[in-house]
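Hi,

Here is the structure I promised to send over. Have a look at it first, and my notes follow below.

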Amino acid sequence: MSSSTTAAPARSLVIKTTSGVDRPEAANQALTVAAAAVAAGAEVSLWLTGESAWFAVPGRVAELALEHAAPAADLLDAVLAAGSVTLCTQCAARRDLGPDDVLPGIRIAGAAVFAEEILRPGAQALVY
């Protein structure tokens with residue numbers, strides 16, 4: 001009898017945040033979990049939607065200041081370095097943002113791409 005080992009599908013974490021400086025704790029939680037998951041070696045995709053769309057604009061994430069929390073800019077940088085960050089297409093359009101307006105490494109994509117990511121085998125989705 002031979003035994004074969006099959007690798008478990010890679011787990012990925014897709015985090016969607018709708019919160020910005022309007023809800024600093026929720027926004028910071030999303031960024032913290034995304035950065036922690038990246039540090040743990042997970043495949044992380046962070047989606048900026050709603051008011052968090054502004055975090056895609058250079059300098060804007062620094063406006064999120066929360067006592068007893070890591071700087072939001074550092075958390076976003078960690079995710080950009082080892083994961084992916086996506087700005088919602090409709091959210092960008094409502095704010096008159098295009099590819100030239102966002103931080104390097106941030107893509108603009110829509111619901112079809114989000115659905116594809118969360119429906120992959122082994123994916124876990126969180127919404128903040």
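**What I found**

The buried residues of α2 pack against α1 (24-39), β2 and β3 (84-88). Contact here means heavy atoms within 4.5 Å, and buried means under 20% relative accessible area, exposed over 50% and partly exposed in between (1.4 Å probe, protein chains only). Helices (H or I, at least four residues) and strands (E, at least two) are DSSP runs, numbered from the N terminus.

Before you read on: this is a predicted model, in which local features need pLDDT of at least 70 and side-chain atom pairs count only at pLDDT 80 or more, while totals for chains, interfaces and linings use all residues. Residues are numbered from 1 along each chain as its sequence is written, and side-chain values use heavy atoms, with hydrogens and water left out.

Back to α2: its buried residues are A72, L75, L76 and V79. They sit on the same side of α2, because they cover an arc of only 95° around the axis (the arc of the directions from the helix axis to the C-beta atoms). An α-helix has 3.6 residues a turn, so residues three or four places apart point the same way. A81 and A82, on the other side of α2, are exposed.

H68, in the loop between β2 (43-48) and α2 (72-82), has a positive phi near 65° without being a glycine. H68 is exposed, at 78% relative accessible area. D96 lies in the loop between α3 (89-94) and β4 (106-109), and its phi is near 60°, again positive in a residue other than glycine. D96 is exposed too, with a relative accessible area of 68%.

Cheers
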